[in-house]
Amino acid sequence: ASLNQNNAYADGILPPNPSEIEPSPAPPPPKVRNDHPRTTSAGFDPEALERGVKALREISKSPHGKKVFEVIKKQEETKQTELSAKVAEFRQMKAQHETERQRIIYDEQKKLAQHQAQTKSQMAKYEDELARKRMQAENEYHRARNQELVKLQEESSIRQEQARRATEEQIQAQRRQTEREKAEIERETIRVRAMAEAEGRAHEAKLAEDVNRRMLVDRANAEREKWVAAINTTFEHIGGGLRAILTDQNKLVVAVGGVTALAAGVYTTREGARVIWGYIDRILGQPSLIRESSRGKYPWSGMFSRTMSSLSRHTNPGSALKNGNGFGDVILHPSLQKRIQQLSSATANTKAHQAPFRNMLFYGPPGTGKTMAARELARKSGLDYALMTGGDVAPLGPQAVTKIHQLFDWAKKSNKGLLLFIDEADAFLCERNKTYMSEAQRSALNALLSRTGDQSKDIVLALATNRPGDLDSAVTDRIDEVLEFPLPGEEERFKLLKLYLDKYIAQAGSGKSSFVKDLFKGKPQQIEIKGLTDDIIKEAAAKTEGFSGREIAKLMASVQAAVYGSENCVLDPSLFREVVDYKVAEHQQRIKLAAGDKPIA
Ligand SMILES: Nc1ncnc2c1ncn2[C@@H]1O[C@H](COP(=O)(O)OP(=O)(O)OP(=O)(O)O)[C@@H](O)[C@H]1O
């Protein structure tokens, strides 16, 4: 039985049972109270053993002893049978386990195969996808390339078109140039003819003059002889006198003393006059920084011009109201004009109430009428005005500070109050921490700042600049009114064209031009204007978009020159249009050059 049991353990069917491996101990005998235990020195109590031996002896003596052993044997056999059944049962279970394991392995392998098949199909799908994407990318690339090629072709055709247009324009420009040259040659021919005629006339005059000259020479000879005789007589007298002086010592001393005293007197008078004049000039004269002033160089020098201007205002009362709004010859956008008018009346009232003046800043592109507006503003507000240019300060070097103080001292002397207009203010009043600014310039700016620190009752400061952003912050802080002067709009250009047409062409050679000019230089030739309607001028105003007031004035001066260069001094629409077109092309060319473009050959 123990052998079978051991086999079952070895097969792993039965778990080892300690109770079965060790023989089960005999049931413990009933405990008897031992009041006097006999124990050895090692603590062993042999009493229980003795009781067991006694019980075994009793069993062997008993008649049923044999039976007891047999019962035990039978019990042992029953136990072994049970154990064999259990072993068989465990073997069956093991077989079942094996079957189950095989099934699981089979299932696992099946799953693995399925998984592999799935992976394979996914791989195939992925590769297919990749191939499709590759094809798509290739298609995209081809399409982009095609587009690029199309674009390049388009650009090349545009370039060809531009080149064709440029060539056409060049041909046209050359044609225009040829026409202009032809006109020039014609003009030159007329001029040469006129000169030849003039020369002929001059030759005739010369011949007549020769006869006159001969007569004059005869008369002059007679006159000369008369004078020579007179001089000879005079020198004879002087010689006699000198001889008398040299021979008489007293007379010689008196003569030498007299001449020396005379020379010393002349020298002293001349130097004294120079010193006194310098002093008067310093006290009363206009500072050198002022380029133009309504006060004149000396207090008395403006009298004549003031009288003349008031006379002309009386004889020609419309002169100040030329553009129909009482603003002289200045043509501005109505809103700007209104603002300046308000400012001038405010300034006039300020002066009447002895209140401090307000400083102004005019900014905008060059030639838009800033200086003219400042002059008009001063005139309308009843102030004197003085004009200086910021660019004049730097060349003065260390003297600039003195000159600035001199300027403000002079300005303070005006009884009416003075509008000090500083043109190109950015050249002088630019940011102080700029590296290229010299020490002298910085000091001059500081001098101006110190003189304008408080609100003044004598001086209105009006600054004009094309670059307001460059001004020093301390300067802009002193500004009360800021006015922008934009390029003239179409309506303003029309008015400007009419104004300068009237000034340079209609009035050219008429009695309205300056009296003094007429007196000394002779009248210019009168120009005849034919068929120049308002519509043609409006057309020119539309074409001259982007022109400043100065450019329009120059355009009309060019029209005047073209008219004088023409055969009969007549201004007709075709000549007017020709000059306008030429000037517009010139303006465009200038803009292109300014933008860094190359000029068209
Ligand atoms: N608004 C305008 N009305 C009439 N004429 C004008 C006007 N603007 C400019 N002009 C003409 O241009 C010339 C220059 O004008 P002005 O000196 O007033 O311009 P500006 O703005 O002060 O120019 P800059 O900034 O170059 O000093 C004038 O003499 C005048 O012939």
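This is a predicted model: local features need pLDDT of at least 70, side-chain atom pairs count only at pLDDT 80 or more; totals for chains, interfaces and linings use all residues.
User: How is helix H9 oriented relative to helix H10, roughly parallel or oblique?

Analyst: The axes of H9, residues 400-412, and H10, residues 439-451, come within 8 Å and cross at roughly 25 degrees. Angles under 35 degrees count as roughly parallel. The orientation of H9 to H10 is therefore roughly parallel.

User: Which residues of H10 make the contact with H9?

Analyst: The crossing of these two helices, H9 and H10, is right-handed. On the H9 side, the contact is made by Ala400, Val401, Ile404, His405 and Phe408. By class, the contact of H9 with H10 has 8 nonpolar, 2 polar and 1 charged residues. The residues that H10 contributes are Ala440, Ser443, Ala444, Ala447, Leu448 and Arg451.

User: How does helix H12 lie relative to helix H14, oblique or roughly parallel?

Analyst: H12 spans residues 490-506 and H14 spans residues 534-543, and their axes come within 8 Å. The axes cross at roughly 125 degrees. Angles from 65 to 115 degrees count as roughly perpendicular and those over 145 as roughly antiparallel, while the rest, apart from those under 35, count as oblique. H12 is therefore, relative to H14, oblique.

User: How many charged residues does the contact of H12 with H14 have?

Analyst: In this contact, Glu490, Arg493, Phe494, Leu497 and Lys498 of H12 meet Ile537, Lys538, Ala540, Ala541 and Ala542 of H14. The residues divide into 6 nonpolar and no polar, and the number of charged residues is 4.

User: Which residues of H16 does H14 meet?

Analyst: H14 packs with H16, residues 573-594, at an angle of about 5 degrees, with the axes 10 Å apart. The two helices, H14 and H16, are therefore roughly parallel to each other. From H14, the residues in the contact are Ile536, Ala540 and Lys543. Their partners in H16 are Pro573, Phe576, Val580 and Val584.

User: Which residues come nearest to the ligand?

Analyst: There are 18 residues around the ligand. The elements that give two or more residues to this shell are helix H8 (370-380) and helix H15 (549-565). By class, the shell has 8 nonpolar, 6 polar and 4 charged residues. The residues that come nearest are Pro366, Gly369, Lys370, Gly549 and Arg550.

User: Where does the ligand lie relative to domain 1 and domain 2?

Analyst: Domain 1 covers 293-486 and domain 2 covers 488-601. Both domains give residues to the shell around the ligand, so the ligand lies between domain 1 and domain 2.

Note on methods: Residues are numbered from 1 along each chain as its sequence is written. Axes are lines fitted to C-alpha atoms, for helices over the stretch in contact, and angles run from 0 to 180 degrees between N-to-C directions. Helices (H or I, at least four residues) and strands (E, at least two) are DSSP runs, numbered from the N terminus. A crossing is left-handed if the near helix is turned anticlockwise from the far one by less than a right angle, and right-handed if clockwise. Two residues are in contact if their C-beta atoms, placed from the backbone, lie within 7 Å. Ala, Val, Leu, Ile, Met, Phe, Trp, Tyr, Cys and Pro count as nonpolar, Asp, Glu, Lys and Arg as charged, and the others, Gly among them, as polar. A residue is near a molecule or strand if its C-beta atom, placed from the backbone, lies within 6 Å of it. Domain bounds come from an automatic or database domain assignment.
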